[in-house]
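Please read the following briefing alongside the sequence and the coordinates. It takes up the sheet, the backbone, the pocket and the surface in turn.

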Amino acid sequence: MPRITDLLSEPVRETDWLVYPILGKQGITFFHGRSSLGKTPFALECARAVSVGAASTMNDLEVRCGPTSVLYLEAETAL
């Protein structure tokens, strides 16, 4: 197992963004907040923008990728 000092000495890698500065190409993104803030519409708009490779109409999100596949998982609402 690596020591924390070894991990901290590693150079910080630049993030490759799908949607700047919200969704990185690698990793997992969680949207968290109070109920009815608009997290679901925001997440769906991010997914739409990435899936078509176009700028978002919501909050002027800057999409930095061509059309690509999107996996949207949601586990909060009833079936």
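Which residue in β2 does Trp 17 stand opposite? Trp 17 stands opposite Gly 24 in β2. This is a predicted model, in which local features need pLDDT of at least 70 and side-chain atom pairs count only at pLDDT 80 or more, while totals for chains, interfaces and linings use all residues. Residues are numbered from 1 along each chain as its sequence is written, and side-chain values use heavy atoms, with hydrogens and water left out.

**Sheet**

- An open sheet is formed by 3 strands in the order β2-β1-β3, with antiparallel pairing, where helices (H or I, at least four residues) and strands (E, at least two) are DSSP runs numbered from the N terminus, and two strands pair if DSSP finds at least two bridges between them.
- The edge strands are β2 and β3 (62–63), each of which pairs on one side only.
- Strand β1 (residues 17–20) pairs with β3 over 2 bridges in the antiparallel sense; here Glu 62 is the bridge partner of Tyr 20, and Val 63 is that of Val 19.
- β1 and β2 also pair in the antiparallel sense over 2 bridges, and a hairpin joins β1 to β2 through 2 residues.

**Backbone**

- Most residues other than glycine have a negative phi, and most peptide bonds are trans.
- A cis peptide bond, with omega about -15 degrees, joins Tyr 20 and Pro 21, and Pro 21 is found in the loop between β1 and β2.
- Ser 36, in the loop between β2 and α2, has a positive phi, near 70 degrees.

**Largest pocket**

- The largest pocket has a volume of about 1,000 Å³; a pocket is an open set of points on a 1 Å grid over the protein atoms alone, where a 1.4 Å probe fits, with protein on both sides within 12 Å along at least five of seven lines, and a volume is the space filled by probe spheres set on the points.
- Its lining, meaning residues with an atom within 4 Å of a point, comprises 27 residues, of which Thr 29, Phe 31, Leu 71, Tyr 72 and Leu 73 lie nearest the centre.
- β2 (23–24) and α2 (39–52) each supply at least two lining residues, and α2 gives the most, with 6 residues.
- The lining divides into 14 nonpolar, 9 polar and 4 charged residues.

**Surface**

- Ile 4, Leu 7 and Leu 8 make a nonpolar surface patch of about 350 Å², for which residues need over 30% relative accessible area and no salt bridge, and nonpolar side chains are joined within 5 Å.
- Leu 7 lies in helix α1 (residues 4–9).

Methods. Patch = residues over 30% accessible without salt bridge, like charges linked within 9 Å, V, L, I, M, F, W, Y side chains within 5 Å. Areas by Shrake-Rupley, 256 points an atom, 1.4 Å probe, with all protein chains shown as cover. Salt bridge = Lys/Arg side-chain N within 4 Å of Asp/Glu carboxyl O. Nonpolar A, V, L, I, M, F, W, Y, C, P; charged D, E, K, R; others polar.
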